[in-house]
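Dear colleague,

I am handing over the structure below for your studies. Please keep it open beside this message as you read the findings that follow.

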Amino acid sequence: MRKDLIAGNWKMNATHLEAIQMVQKLSYRLDPGDYERVDVVVCPPFTALRSVQTVIESDHLLIGLGAQNVDSHESGAFTGEVAPGMLAKLSVRYVIVGHSERRQMFGETDDVVNAKAKAVLSHGMVPIVCVGETEEEREAGSAFDRVGGQVRGSLDGIPSGEVAGMVVAYEPIWANGTGRPASAEDAGEMCGFVREQVRQLAGDAADEVRVLYGGSVNPGNVAGLMAKRDIDGGLVGGASLDPDTFASVIRYWI
């Protein structure tokens, strides 16, 4: 059985002091039973990782720590980048790679995402590999071609045993941060397609991979999403910045 996962991507929001307050407030609003049903993860900015790690460890919180990005190199002259080993030493468990904003704004290709995913795995962390199509691609009928290509390119060469422990997040770019989430039917269909693409690459590992939906997830659309067999949780953006709203998303995901 795949345990559902709800990950909050805080993007470029929250100072380290604000992040401390956010994770503490979130923990106050969750009960032990919530963590039994779903894995809860927060992904603060790099500057807040150490502060959030300290709170999680000192308060014995059951919240997982995630990072929003990583470089594929182990070290070197890469000004401004963060190596996977640096994140691992901060007890980071999950790392988002290939987010649509990284692909669009910073030109990350499937090859770059693939290299990052492999680097994350090599340090015992779990990559959350993001895939998704633009509105133009969906309207042109090429959404499945686009997403399928991203899945194959991003997971290329990764052994099936490692693929089984990974997370893939389908986040349609046209729904990301727009307040226009995909319908539960469209999200479920695409997440099922993502799983089948993984199956073609890694066989039965596809039954273990957790496939998330991301794109304007909020308490109002959780029920429809969670009802879809191939959706194993959510990658939550704006709604994760408010502890009350994020806790509602988590608690509604039954």
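The term pLDDT denotes the predictor's confidence in each residue, on a scale from 0 to 100. It is needed here because this is a predicted model. The protein chain has an average pLDDT of 96, and 99% of the residues score at least 70. Confidence is lowest in helix α7 (residues 135-139), where the mean is 92, and highest in strand β3 (residues 64-67), at 99.

On the α1 side, the contact is made by His-16, Ala-19, Ile-20, Val-23 and Gln-24, and on the α3 side by Ser-51, Val-52, Val-55 and Ile-56. Of the residues in this contact of α1 with α3, six are nonpolar, three are polar and none is charged.

The second pair is helix α6 (residues 110-122) with helix α8 (residues 143-155), which pack at an angle of about 45° with their axes 7 Å apart. The helices α6 and α8 are therefore oblique to each other. The crossing of α6 with α8 is right-handed. Here Asp-110, Val-113, Asn-114 and Ala-117 of α6 meet Gly-149, Gln-150, Gly-153, Ser-154 and Leu-155 of α8. The contact of α6 with α8 comprises three nonpolar residues, five polar and one charged.

Two single residues may also be of interest.

Ala-247 lies in helix α12 (residues 243-252). Its relative accessible area is 4%, and a residue counts as buried under 20%, so Ala-247 is buried. Setting aside neighbours within four places in sequence, Ala-247 is in contact with Leu-26, Arg-29 and Leu-30. Ala-247 and Asp-34 are 213 residues apart in sequence, while their C-alpha atoms are 9.3 Å apart in space.

Val-92 is placed in the loop between α4 (84-88) and β4 (94-97). With a relative accessibility of 5%, Val-92 also counts as buried. Not counting residues up to four places away in sequence, Val-92 touches Leu-49, Leu-65, Gly-66, Ala-67, Leu-87 and Met-125. One of these, Ala-67, is 25 residues from Val-92 along the chain, and their C-alpha atoms are separated by 6.7 Å.

Yours sincerely,

A colleague

Conventions
Residues numbered from 1 in each chain as written. Predicted model: local features only at pLDDT ≥ 70, side-chain atom pairs only at ≥ 80, totals over all residues. Heavy atoms only, no water. Helix = DSSP H or I, 4+ residues; strand = E, 2+ residues; numbered from the N terminus. Contact = heavy atoms within 4.5 Å. Nonpolar A, V, L, I, M, F, W, Y, C, P; charged D, E, K, R; others polar. Buried < 20%, exposed > 50% of the residue type's maximum accessible area, 1.4 Å probe, protein only. Axes fitted to C-alpha atoms, helices over the stretch in contact; angles between N-to-C directions. Parallel < 35°, antiparallel > 145°, perpendicular 65-115°, else oblique. Left-handed = near helix turned anticlockwise from the far one by under 90°.
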